[in-house]
Every structure is written in structure tokens, then in C-alpha cells.
Amino acid sequence: MRMDLIQPFIGALDAVLAEMMKEPSKIADLTMEEEGYRRKGLAAVVMFKGQIEGRIVLDMDPSAATQVAGFLSGAEVDPSEPIVPEVVCELANMVIGNAVTQLNDRGFQFKVLPPAVLTEEQCAATGQDSEATILRFETPSGNVHLNIAMKYHARRASERTPVAVG
Amino acid sequence: MKQFEALTRKKDSQPVRYLVVDDSVFARKSLAKMIESFGGQVAGEAGDGCTAITEYARIKPDIVLMDITMPQMEGIEAVERIVQEHPDARVVMVSSVGYQDNILAALQKGARHFVQKPVKPDALYEIIRYVLNDDGVTTPVAAGESSR
């Protein structure tokens, strides 16, 4: 997997966590996986299409998701409240939005689909036929995992490049 | 949350009325909290572009905060249709996807401004103040007097 395409996602997650959690976070692990995704906490998936196709899964420890929900709503939030998985979807949306904005500035075209909560049943299918990069961020409220699987369509990209004639 | 100098309507000194459009309930709540800190009132909410169009016609808000990526009808198409029917509509796009093509498309369809998520309250307040003052909807708050 091309790390230059992964880097914007790392930067985006770092920036979004800093803004939304108001707590320090750091990358603790970076691993590669080819198996179906195994959900660790509360997870949301966002698909994207275009010159680069794939999906990201943002997977947060319930304690970390509850911390963000509580911080932003200004009140104590119970982990079982429906707003908590909503928070994970919205954070995933922000991460992918910020990352594709950077990639678009480098010439890549995308279409981003709305985020969805990732269920156990969807997990197995999510990682098939694609190598995924998994980042684990540590925060004082718990772990946040970002699973990125994408394919770069070099031919599709080159088709957009003008060809000199003569 | 930090409190801002309240933006009120010049014509009747009432709070500015907002329509908040986002498919995420959480995002709508988060924006509603900011609106409250601006002294505004959420007059309506919508989770997709189609509902935004009907809600706009029903409540005639002073300003709309509109997401882009939504199910059924996306924000850019909704802006186009709202502005076609209500040329004086003031729509500010609020989206995590902030690349130039998206921003240009939204502005060409009639959006007044663009804010990228995660939204910083200070930035949103300044943009709303700018858009409303520009139309003479609110009484200008002098620079440096926006927070209290």
C-alpha cells in the first residue's frame, strides 16, 4: 500500500482527535492485515470511490467515544446512549473528509459516501480482497483504531492526464 | 462553551433563526449548541436535502447551515433548489470534505460561504456574522467584541 496515500488519513485523525477530544493522542501501533475486520469497540465505516477506491473503519473504545460525546454535549453521557455510535460516524466522516481534501489538492478525484455504523455481520465482508493498514492511536480515554483499505487505479488516473501529440 | 455577543435581527431584535441540515444527529446537536452560544434559535432541522427544501419553505429561516454528503439528496443540489425558489436564501455549507471543486460547486449553486468540519465555533460565528451583516439582517458587532 502506498504510504503517501495513507499519510493524509493519519494527519486527519490526529487533527480531528485533537480538536474533538481536547486530549493528547499518539500513534501506538501500525500493522497490516489481509483478513476480515474484527471490530474492537464502536465502529463506523465510510466508503469512497474514484481514482482511489476503498473504505476506512474508525473503531473507538466505548470509553473514548463516550468521552467525545460528553465533551461535545457538555453533559455526562451514558455509553449506551444512541448518540455515542453517532459520534463515531461523525468523527469517521471528519477524518475521511479532511484526508480526501488533502488528496484532492494533489490531483486525486473522489466521491465519499455517508458513514454507517459497522455491525458484527458487516465486519467479515469489510476486509475481504484487500490489504488494510491499521493504526492504533492511544488517548487518555482509550484506544482509537483507524483501518484503511484502498486501491489506487493508476490506469484510471493516467487516463485523465493529457497526452502530448506530435 | 464560550458565549458570543448575541446576533439579533435588526428588524425586530429577535434571535437569528437557523435551519440546520445534516444527516448526523450528533452533528446537528453540536451545531445547535454553537447556535445557542451565538444567541440564535434553531427554527428547524433536516437530515437530508429533500427535507431541507420543505423545511426552508415552511420556516423561512434567516440562515441555513448545510452539510454536503447526505443520503437521498446531497447538500449542493439542495442549495441550488432552495436558492432557485428563494433567491435571498443565505446558506453556509458545513462539510468535512473541503476540496476546491466542492467549495466552488456550492458557491456556484448559491451558497454564501463554506466551513470545514470539525467546526471551530469562533470561525463559524465570524462567517455567520459576515453573511448576516452583509445582508443587513443583523446589527454589526464590532471586531474584538464578539466574545463575552
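**A quick tour of the two chains**

Reading chain A from its N terminus, the elements come in the order α-β-β-β-α-α-β-β-α-β-β-α. That makes five helices and seven strands in chain A, where helices (H or I, at least four residues) and strands (E, at least two) are DSSP runs numbered from the N terminus. Keep in mind that this is a predicted model: local features need pLDDT of at least 70, side-chain atom pairs count only at pLDDT 80 or more, and totals for chains, interfaces and linings use all residues. Residues are numbered from 1 along each chain as its sequence is written, while chains are lettered from A and ligands numbered from 1 in the order in which they are written.

**Chain A**

- Of its 166 residues, 39% count as buried (20 or more other C-beta atoms within 10 Å of a residue's own, with C-beta atoms placed from the backbone; 12 or fewer is exposed, and in between is partly exposed).
- Among contacts in chain A with a separation of 6 or more, 71% come from residues 24 or more positions apart; a contact here means that the C-beta atoms, placed from the backbone, lie within 7 Å.
- Helix α3(A) covers residues 83–105, and its 23 residues reach 33 Å from first C-alpha to last, close to the 33 Å expected at 1.5 Å a residue (the expected span is 1.5 Å times one less than the number of residues).
- Because 19 of those 23 residues are buried, α3(A) is largely enclosed by the rest of the structure.
- After α3(A) comes G107(A), with a positive phi near 105°.

**The sheet in chain B**

- Chain B holds an open sheet of five strands, ordered β2-β1-β3-β4-β5 with parallel pairing (a pair needs at least two bridges found by DSSP).
- At the edges stand β2 (41–46) and β5 (113–116) of chain B, each with a single partner strand, so one side of each has no neighbour in the sheet.
- From one strand to the next, the twist averages 20°.
- β4(B), residues 91–95, is joined to β5(B) by four bridges, and the two run parallel.
- Opposite V92(B) you'll find H113(B) in β5(B).
- Helix α1(B), residues 25–37, lies across β1 (17–21), β2, β3 (63–66) and β4 of chain B, at about 160° to β1(B); angles run from 0 to 180 degrees between N-to-C directions, with axes fitted to C-alpha atoms, for helices over the stretch in contact.

**Where the chains meet**

- The contact takes 19 residues from chain B and 21 residues from chain A.
- On chain B's side, α1(B) gives the most, with six residues.

Methods:
Contact = placed C-beta atoms within 7 Å.
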